[in-house]
Amino acid sequence: MKRSELSDSQLLSLYKNGSEEAFAELVGRHKNRVFTTIYLIVKDTYTAEDLLQDSFVKAINTIKKGRYNEEGKFLPWLLRIAHNLAIDYFRKSKRYPTIVMEDGSNVFNTIDFAEDSVEALQIKNDTHALLKNLIQELPDAQKEVLIMRHYMQMSFQEIAETTGVSINTALGRMRYALINLRKKMDKTNIAYDKNIYRK
Amino acid sequence: MIKTFTENDLVRFIYGETSPIENNAIENALMCNQETQEMYRDLKETTSMLDSVSKTPGKKVVNKILNYSKNFGDISVLK
């Protein structure tokens, strides 16, 4: 069986037994989601790369020292590490970042180009940049739930427990986040092809 | 038709957190209630757009991570 066909827990077992190739597959599989999650919190490409590195180093240390015990839940575990590090970053710097380093997210480290026409790619680029900015404009409580549910794949129950609110409050925040994003997208009048985003 | 779910339930439905019974109620409403259809479409399109937002880290940092694992404990490879 090819490594790409193995589950995360199978790859982790191989990694625990010394397969660096298995770890490389895990990194390749999840680096974008972890990086995107961190970036949406810290809004700075270079800080996000530092925190991505710290997250994986922490994961490596835990696994190699035999302390990893969350079989089958590798990505949520890794995302929690990343999220905690990003939050710690703010606590240490005692500020919420206000500088958006869009110049750090150049065309080569932003998106997957596969099989897109030049025109479709331009639309995607515009929309990605816009959407990232619009997410940053959301109220903190809405942004937090959106990142936790959509990018960290936490359930609404887990989000409610983590943030200390009721599940209905978490759901309401998510709904308003989506509605607000939609309104902001509509207001910008940017031409985007909805078919690009359909799954 | 009496609506038996809330807008928050629609969000749970989109994220696959509703029960089979709730799914039936929502799917029925989606077939015959225009307001629900529009709300669902707007929420779904927005979540689909969120899926498209993906950033890729630079190769350099990825290589540092892989090297750290290969040379476990040697923090000099991270500099």
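**Exercise 1. Find what covers helix α1 of chain B.**

*Solution.* Start with the cover. The buried residues of α1(B) are covered by elements that include α7 (156–163) and α8 (167–188) of chain A, together with α2 (20–32) and α3 of chain B. Contact here means heavy atoms within 4.5 Å. Helices (H or I, at least four residues) and strands (E, at least two) are DSSP runs, numbered from the N terminus.

Before going on, note the ground rules. This is a predicted model: local features need pLDDT of at least 70, side-chain atom pairs count only at pLDDT 80 or more, and totals for chains, interfaces and linings use all residues. Residues are numbered from 1 along each chain as its sequence is written, chains are lettered from A and ligands numbered from 1 in the order in which they are written, and side-chain values use heavy atoms, with hydrogens and water left out.

Next, count. Seven of the eight residues of α1(B) are buried. Buried means under 20% relative accessible area, exposed over 50%, and partly exposed in between (1.4 Å probe, protein chains only). The buried ones are B:Asn8, B:Asp9, B:Leu10, B:Val11, B:Arg12, B:Phe13 and B:Ile14.

Now look at the two ends. At the start of α1(B), a side-chain oxygen of B:Thr6 comes within 3.3 Å of the backbone nitrogen of B:Asn8. Just after the helix, B:Gly16 has a positive phi of about 65°.

**Exercise 2. Describe the fold of chain B and the confidence in it.**

*Solution.* Count the elements. Chain B has four helices and zero strands. Along the sequence the pattern is α-α-α-α.

Then turn to packing. Of the 79 residues of chain B, 43% count as buried. Take the contacts in chain B with a separation of 6 or more: 38% of them join residues 24 or more positions apart.

Last comes confidence. pLDDT is the predictor's confidence in each residue, from 0 to 100. Its mean for chain B is 88, and 96% of the residues reach 70 or more. Among the elements of chain B, α3(B) has the lowest mean (89) and α4(B) the highest (95).

**Exercise 3. Describe the interface between chain B and chain A.**

*Solution.* Begin with its extent. Chain B gives 32 residues to the contact and chain A gives 50. Together they bury about 4100 Å², 65% of it on carbon and sulfur atoms. Buried area is the accessible area (1.4 Å probe) that two parts lose on being put together, summed over both.

Count the salt bridges. There are four between chain B and chain A. One of them joins B:Asp42 to A:Arg182, with the closest N and O atoms 3.7 Å apart.

Now assign the chain B side to its helices. α1 (7–14), α3 (34–52) and α4 (59–70) of chain B each supply at least two residues of the side that touches chain A. The largest share, 10 residues, comes from α3(B).

Sort that side by type. It divides into 14 nonpolar, nine polar and nine charged residues. Ala, Val, Leu, Ile, Met, Phe, Trp, Tyr, Cys and Pro count as nonpolar, Asp, Glu, Lys and Arg as charged, and the others, Gly among them, as polar.

**Exercise 4. Trace the salt bridges of A:Arg182.**

*Solution.* Start within chain A. A:Arg182 pairs with A:Asp186, the closest N and O atoms being 3.8 Å apart. Both lie in helix α8 of chain A, four residues apart, about one turn of the helix.

A:Arg182 counts as buried at 10% relative accessibility. A:Asp186 is partly exposed at 40%.

Then widen the view. A:Arg182, A:Asp186, B:Arg41, B:Asp42 and B:Glu45 are linked in a network of salt bridges.

Conventions. Salt bridge = Lys/Arg side-chain N within 4 Å of Asp/Glu carboxyl O. Polar contact = N/O pair within 3.5 Å; in protein donor to acceptor, adjacent residues only side chain to side chain.
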